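Please open the structure in your viewer and keep the selection tool at hand. This tour goes from stop to stop, saying each time what to select and what is there.

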Amino acid sequence: MSATSDRDTPDFDRLRREQMVREQVERRGVRDDRVLDAMRAVPRERFLPKRRGGSDPRAWADAAVPIGRGQTLSQPYMVARMTEALALRDEDRVLEIGTGSGYQTAVLAFLAREVCTIERDPVLSEEARQRLHALGVENVRFEVGDGTLGVSEGAPWDAILVTAGAPSLPLPLVAQLAPGGRLLIPVGTRELQDLQLVTLDEEGELRTRTLLACRFVPLVGEHGWSRFNA
Ligand SMILES: C[S@@+](CC[C@H](N)C(=O)[O-])C[C@H]1O[C@@H](n2cnc3c(N)ncnc32)[C@H](O)[C@@H]1O
């Protein structure tokens, strides 16, 4: 994947490497070189809504950024921590729930063989598809629908990443994990969640570990929040 494009300027490259990856991600303890390389390579500024007169400095800020439609692009540190926790291998096939801007999708696509990403909002999905196409990312399949049901076509998945907060663990996702698979999901209230790592070992035993407190937009769907109280 050629994530860095010819529209990339050396200045953006420096801001991404220094302000974002070194200051926010490495300093807080993310050590996985593959994850750090992916975040240096994927041009985060290309995933924010277009704005006149140049790039948006929030692209490298230590915060989630609104992307329209009431949704956000997650904070760089959170993207890095989640990606590191998934411990992706080159041959892995990954399901992402909550495409949003497509930034996290591009990071996953940099590290895994294949990514399927599902988004409930068709407008966001199409915008993300166009961004990844423009960057030459070819190992991503886009789906529109309720990701709390998982995506059965292509299951089981080596890794499943949910980038919205759920009230409880959606059982269809557990059922779509491959032996040795990892599922990462924020679970809690609408205001605050625990980032949970669920692993399925080769004997079929599930283990759940809480990694950190986090705050995501609600996961809305049959096994998530109702859209009326989200
Ligand atoms: C925090 S945003 C994702 C940010 C994204 N990872 C990025 O890099 O821009 C969460 C996304 O999950 C989507 N979402 C919420 N519930 C969903 C569901 N049941 N299925 C699929 N997408 C869902 C929202 O529409 C939103 O775009």
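The stops below go from the sheet to a helix and its core, and then to the ligand.

What you see is a predicted model, in which local features need pLDDT of at least 70 and side-chain atom pairs count only at pLDDT 80 or more, while totals for chains, interfaces and linings use all residues. When you select by number, count residues from 1 along each chain as its sequence is written.

**The sheet.** Begin with the strands, which, like the helices, are DSSP runs numbered from the N terminus (helices are H or I, at least four residues; strands are E, at least two). Seven of them form an open sheet in the order S5-S4-S3-S6-S7-S8-S9, with mixed pairing, where two strands pair if DSSP finds at least two bridges between them. Select S5 and strand S9 (206-214) to find the edge strands, each of which pairs on one side only. Neighbouring strands of this sheet are turned by 15° against each other on average, direction ignored, the angles being taken between N-to-C directions on a scale from 0 to 180 degrees, with axes as lines fitted to C-alpha atoms.

**Two parallel pairs.** Next select strand S3 (residues 93-97) together with strand S6 (residues 157-162), which pair in the parallel sense over four bridges; Leu95 has Ile160 in S6 as its bridge partner. Then move to S4 and strand S5 (residues 140-144), which run parallel and are joined by five bridges, with Glu143 in S5 as the bridge partner of Ile118.

Which residues of H4 are buried? They are Tyr103, Gln104, Thr105, Ala106, Val107, Leu108, Ala109, Phe110 and Leu111, where buried means that 20 or more other C-beta atoms, placed from the backbone, lie within 10 Å of the residue's own. Nine of the nine residues of H4 are buried, so this helix is largely enclosed by the rest of the structure. Now select the largest nonpolar core, which has 58 residues, with Val94, Ala106, Val107, Ile160, Leu161, Val162 and Leu184 making the most contacts inside it; such a core is a set of buried Ala, Val, Leu, Ile, Met, Phe, Trp, Tyr and Cys residues joined through C-beta atoms within 7 Å. H4 gives the most to this core, with seven residues.

**The ligand.** Finally, select the 26 residues around the ligand, of which Gly98, Gly100, Ser101, Gly147 and Gly221 come nearest; a residue counts as near if its C-beta atom, placed from the backbone, lies within 6 Å. Strand S2 (71-73), helix H4 (103-111) and strand S4 (114-119) are the elements that give two or more residues to this shell, and S2 provides the largest share, three residues.

Notes. A residue is buried if 20 or more other C-beta atoms lie within 10 Å of its own, exposed if 12 or fewer, and partly exposed in between; C-beta atoms are placed from the backbone.
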